[in-house]
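Trainee: I would like a close look at one part of this model, the aromatic rings and what surrounds them. Please take me through it in one go.

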Amino acid sequence: TNELNDLIDGGNVADLDAVGDELYSQGLFEAARKVYTSVSNWAKLASTLVHINDYQDAVDAARKASSVKVWRQVFDVCLAKEEFRLAQICGLSLIVHAEELRDVVDSYIYGGHVDELTSLLEQGLALERAHMGMFTELASVYAKFFPEKLMEHLNLFWSRLNMPKVIRVAEEQHLWPELVFLYCHYHEYDNASLAMMEHSADAFDHNTFKEIVVKVSNLEIYYKAISFYMAEQPQLISDLLTA
């Protein structure tokens, strides 16, 4: 320890960095921590701190390093150790990068931490750098795990979603009212009309259908609509025809 302190007091940054790397490679993490702290090498310090289970300081060092690679390393360890509060801090710095978002989402899902993932994405929507991928991933999470939350999310953020992706998820999860909503806002009126008729028990609404059906491009849907109304809504057929 005395030799290390003398070296830290008298060594230059490059030499100390090399010493830190040697200590790290030999698993002498406490000694490496002292060296990296002395030269303010925050990236390597963060990597060192996770090995001695000092997760809070590792997150602080990662914040100073401001490196996606470092954030990811500390995030992976914090999540694996179920340090969810610290993992969320790391995650918020990762998901603003579109190329990192999918891996972060998968890490939570594979670990069975869906509630924590939802909390992360909900917090992330308030960030200045929130992007379409974040709104879309949260919609997918809602569709798969919390379907009762999806419609409210769509009403608030439909213009910020990757519509084709959310449409696929809603269809896979048999969320028919949400699917009709998405088709309408994506100007897929033919598909919206067909979905409403095919899944009428869940998705049919007469007033909405009247608004949609007059916008379809395939006139065959008119005949399907008349047949549908004759079979299921005969008392409303005249109102449909008037529209």
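Mentor: Rings of Phe, Tyr and Trp, the last by its six-membered ring, form a pair if their centres lie within 6.5 Å. The model is predicted, and by this rule it holds 9 aromatic pairs.

Which residues do ring pairs link into a cluster? They are F204, F209, F228 and Y229. Take F204 and Y229 to begin with. Their ring centres are 5.7 Å apart and the planes stand at 70°; planes over 60 degrees apart count as edge-to-face, so this pair is edge-to-face. The two residues are 25 apart in the chain and link distant parts of it: F204 is in the loop between α15 (200–203) and α16 (206–213), while Y229 belongs to helix α17 (residues 220–232). The cut-off for a buried residue is under 20% relative accessible area. F204 has 19% relative accessibility and therefore counts as buried. Y229, with a relative accessible area of 0%, is buried as well.

F209 and F228 make a tilted pair, with 6.4 Å from centre to centre and 35° between the planes. This pair also links distant parts of the chain, since F209 sits in helix α16 and F228 in helix α17, 19 residues apart. Both F209 and F228 are buried.

How many of the 10 residues of helix α13 (residues 176–185) are buried? The count is 8, and the helix is described as mostly covered. Aromatic residues W176, F181 and Y183 are among the buried ones, and the list also includes E178, L179, V180, L182 and C184. The elements that cover these buried residues include α11 (150–157), α12 (163–172), α14 (189–198), α15 and α16. After α13 comes H187, which has a positive phi, near 60°.

Two other rings have a lysine over the face. K64 lies over W42, at 4.4 Å from the ring centre. K149 is placed likewise over the face of F146, at 5.2 Å from the ring centre.

W42 is also in the range of helix α4 (residues 42–51), whose axis comes within 10 Å of that of helix α6 (residues 68–80) and crosses it at roughly 10°. Angles under 35 degrees count as roughly parallel, so α4 is roughly parallel to α6. On the α4 side the contact is made by A43, A46, S47 and V50, and on the α6 side by V70, Q73, V74 and V77. By class, this contact has 6 nonpolar, 2 polar and no charged residues.

Key:
Residues numbered from 1 in each chain as written. Predicted model: local features only at pLDDT ≥ 70, side-chain atom pairs only at ≥ 80, totals over all residues. Heavy atoms only, no water. Axes fitted to C-alpha atoms, helices over the stretch in contact; angles between N-to-C directions. Helix = DSSP H or I, 4+ residues; strand = E, 2+ residues; numbered from the N terminus. Parallel < 35°, antiparallel > 145°, perpendicular 65-115°, else oblique. Contact = heavy atoms within 4.5 Å. Nonpolar A, V, L, I, M, F, W, Y, C, P; charged D, E, K, R; others polar. Phe/Tyr/Trp six-rings, centres within 6.5 Å; stacked < 30°, edge-to-face > 60°. Buried < 20%, exposed > 50% of the residue type's maximum accessible area, 1.4 Å probe, protein only. Lys NZ or Arg CZ within 6 Å of the ring centre and 35° of its normal.
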